[in-house]
Amino acid sequence: MLVVADSTFAGIIAVADTVKQSSKQAVEVLAKLGIHSVMITGDNERTAQAIAQQVGIAEVRAQVLPQDKSVAVKDLQAQGKRVAFVGDGINDAPALAQAELGIAIGSGTDVALETGQIVLVRDDLMDVVRSIKLARLTFRKIVQNLFWALFYNVAGIPIAAGVFAGIGLTLRPELAGLAMALSSVSVVSNSLLLKRIRL
C-alpha cells in the first residue's frame, strides 16, 4: 500500500500473510504419507507462489474465484485423484462439499464448519496430518477385527456344529459360548489399543 500525505508520496506499507511453521511441517509429512498437496487460492499468482515456496507446495492454482474452487476440485477428481479439501471460509464451502473429504478449520465460518465432514478444533494444519493418520489406523483396526471375527467363526462354528465329531473334535456348548465371548473380547481389546497411540 502506498502512503500519501498532503498529495506527497510518504512511504509504502507492506502487508503479508505469515506462514506458520506447522504448515510447512504438515506439507512435508503429507508428502511422506504419499499425499500430494495443491494450493487453490484466490490470491494473486505472485503471493500464492511465494507462500507455496515457503511451505513446499509445487502445484499452485492462483486467482481462483470462489465459485471456481469446486471446479478445481472436480478437475483433480477427473484426473482420477481422491481429493481432501481443507478450508475455512464461505468461499471454500462448495469445494468442501465437492471433495471426497472436506476438512474445515475450526476457526472458520459457520458455512464451512457445516459443510466439512471433519472439523479441526485448532487452527493447525498438523491436525490434518493427525486426522489422516488416525483414519488409516482405524481402518487397519477394522480389517484386523474382521479377520479375527471371521477366524473365530470359521474355526468355531463347524466344530460346535459337530462337523469334525467323526475324528473326535467336538466343542461343548458352554465352551462354544466362551469362545464367542473371547472373540468379542479380543476385537474390543484390539480396538482399545488405539487409545495408546500418540499422533
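Leu 2 stands opposite Ile 12, a residue of strand 2. In this predicted model, strand 1 (residues 2–5) and strand 2 (residues 8–12) pair in the antiparallel sense over four bridges; pairing requires that DSSP finds at least two bridges between two strands. Helices (H or I, at least four residues) and strands (E, at least two) are DSSP runs, numbered from the N terminus. Residues are numbered from 1 along each chain as its sequence is written; local features need pLDDT of at least 70, side-chain atom pairs count only at pLDDT 80 or more, and totals for chains, interfaces and linings use all residues. Side-chain values use heavy atoms, with hydrogens and water left out.

The two strands form a hairpin with two residues between them, and Asp 6 in the turn has a positive phi of about 55°. Ser 7 lies in the loop between strand 1 and strand 2 and has a positive phi of about 65°, although it is not a glycine. With a relative accessible area of 76%, Ser 7 is exposed. The classes are buried (under 20% relative accessible area), exposed (over 50%) and partly exposed (in between), with a 1.4 Å probe and protein chains only.

## Helix 1 and helix 6

The axes of helix 1 (21–32) and helix 6 (residues 126–160) come within 8 Å and cross at roughly 30°. Helix 1 is therefore roughly parallel to helix 6. Axes are lines fitted to C-alpha atoms, for helices over the stretch in contact, and angles run from 0 to 180 degrees between N-to-C directions. Angles under 35 degrees count as roughly parallel, over 145 as roughly antiparallel, 65 to 115 as roughly perpendicular and the rest as oblique.

Ser 22, Gln 25, Ala 26, Val 29 and Leu 30 of helix 1 meet Met 126, Val 129, Ile 132 and Lys 133 of helix 6, where contact means heavy atoms within 4.5 Å. The residues of this contact comprise six nonpolar, two polar and one charged. Here Ala, Val, Leu, Ile, Met, Phe, Trp, Tyr, Cys and Pro count as nonpolar, Asp, Glu, Lys and Arg as charged, and the others, Gly among them, as polar.

## Nonpolar cores

The largest nonpolar core has 11 residues in all, including Ile 40, Val 64, Val 73, Phe 85 and Ala 112. Such a core is a set of buried Ala, Val, Leu, Ile, Met, Phe, Trp, Tyr and Cys residues joined through side-chain atoms within 4.5 Å. Helix 3 (69–78) and helix 4 (93–98) are the elements that give two or more residues to this core, and helix 3 supplies its largest share, three residues. Apart from it lies another core, of 10 residues, among them Ala 26, Val 29, Leu 120 and Val 128.

Ile 40 is in contact with Arg 61, Val 64, Lys 69, Ala 72, Leu 76 and Phe 85, leaving aside neighbours within four places in sequence.

## Loop residues

Ser 37, in the loop between helix 1 and strand 3 (38–40), counts as buried at 17% relative accessibility. Not counting residues up to four places away in sequence, Ser 37 touches Val 27, Leu 30, Ile 57 and Glu 59.

Gln 63 is found between strand 4 (59–61) and helix 3. Gln 63 has a positive phi of about 55° without being a glycine and counts as exposed at 55% relative accessibility. Ala 161, in the loop between helix 6 and helix 7 (173–192), is exposed, with a relative accessible area of 60%. Ala 161 and Arg 172 are 11 residues apart in sequence and 9.8 Å apart in space, C-alpha to C-alpha.
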